[in-house]
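This report goes through the fold, the turns, the contacts and the confidence of one protein model. The sequence and the structure come first.

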Amino acid sequence: MQISVSSTLTVYHDGQFWVGLAEHVEDGRYGVVRIVFGAEPSNEEILQFVTSKWAKLSFFGDEATETSKPAKNPKRRASSSES
């Protein structure tokens, strides 16, 4: 049995933060994860991320992922639900 695997990491500035877009294709399934770096990452920081955290990324939703919590301020909750 042969399984085809391909992964790509694209790092770009979205106007506010430096972001990584990790794409993974495995046996015909496509998964993507967005990583916010904040400040511009150095080549060494990107390499460290790939070597230490890449295997822990959940591309296909198989594992629980961290979700954002609702805002405590009711005005912020209302404005985020309007988007």
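## Strand pairing

H13 stands opposite W18 in β2, and W18 in turn stands opposite G38 in β3. Further along the sheet, H24 stands opposite G31 in β3. Helices (H or I, at least four residues) and strands (E, at least two) are DSSP runs, numbered from the N terminus. The model is predicted, so local features need pLDDT of at least 70 and side-chain atom pairs count only at pLDDT 80 or more, while totals for chains, interfaces and linings use all residues. Residues are numbered from 1 along each chain as its sequence is written, and side-chain values use heavy atoms, with hydrogens and water left out.

An open sheet is formed by 3 strands in the order β1-β2-β3, with antiparallel pairing. β1 (5-13) and β3 (29-38) are at the edges and have a single partner strand each, so one side of each has no neighbour in the sheet. From one strand to the next the twist averages 15 degrees (axes are lines fitted to C-alpha atoms, for helices over the stretch in contact, and angles run from 0 to 180 degrees between N-to-C directions). β1 and β2 run antiparallel and are joined by 9 bridges. Strand β2 (residues 18-26) also pairs with β3 in the antiparallel sense, over 9 bridges. Two strands count as paired if DSSP finds at least two bridges between them. In a regular strand the side chains alternate between the two faces of the sheet.

## The two turns

β1 and β2 form a hairpin with 4 residues between them, and G15 in this turn has a positive phi of about 105 degrees. The hairpin of β2 and β3 has 2 residues between the strands.

D27 lies in the loop between β2 and β3. Its phi is near 50 degrees, a positive value in a residue other than glycine. Most residues other than glycine have a negative phi, and most peptide bonds are trans. D27 counts as partly exposed because its relative accessibility is 48% (buried means under 20% relative accessible area, exposed over 50%, partly exposed in between, with a 1.4 Å probe and protein chains only). Q2, in the segment before β1, is 25 residues from D27 in sequence and 8.7 Å from it in space, C-alpha to C-alpha. At 77% relative accessibility, Q2 counts as exposed.

## Salt bridge

How many salt bridges does the count come to? The count is 1 salt bridge, where the rule asks for a side-chain nitrogen of Lys or Arg within 4 Å of a carboxyl oxygen of Asp or Glu. R34 forms a salt bridge with D14, and the closest N and O atoms are 3.3 Å apart. R34 is in strand β3 and D14 in the loop between β1 and β2, so the pair ties together parts 20 residues apart in sequence. D14 counts as partly exposed, at 35% relative accessibility.

## Surroundings of P41

P41 lies in the loop between β3 and α1 (43-53). With 11% relative accessibility, P41 counts as buried. Not counting residues up to four places away in sequence, P41 touches V11, W18 and I46 (contact means heavy atoms within 4.5 Å). P41 and V19 are 22 residues apart in sequence and 9.3 Å apart in space, C-alpha to C-alpha.

## Whole chain and confidence

The protein has 2 helices and 3 strands, and from the N terminus on its elements run β-β-β-α-α. Of its 83 residues, 17% count as buried. The accessible surface comes to about 6800 Å², of which 50% belongs to carbon and sulfur atoms; areas come from the Shrake-Rupley method with a 1.4 Å probe, and for residues only the protein chains shown count as cover. Among contacts between residues at least 6 apart in sequence, 29% join residues at least 24 apart.

The mean pLDDT of the protein is 81, and 73% of its residues reach 70 or more (pLDDT is the predictor's confidence in each residue, from 0 to 100). Among the elements, β1 has the highest mean pLDDT (94) and helix α2 (residues 74-82) the lowest (54). Over residues 64-69 pLDDT stays under 50, and the model has 1 contact beyond four places in sequence for them.
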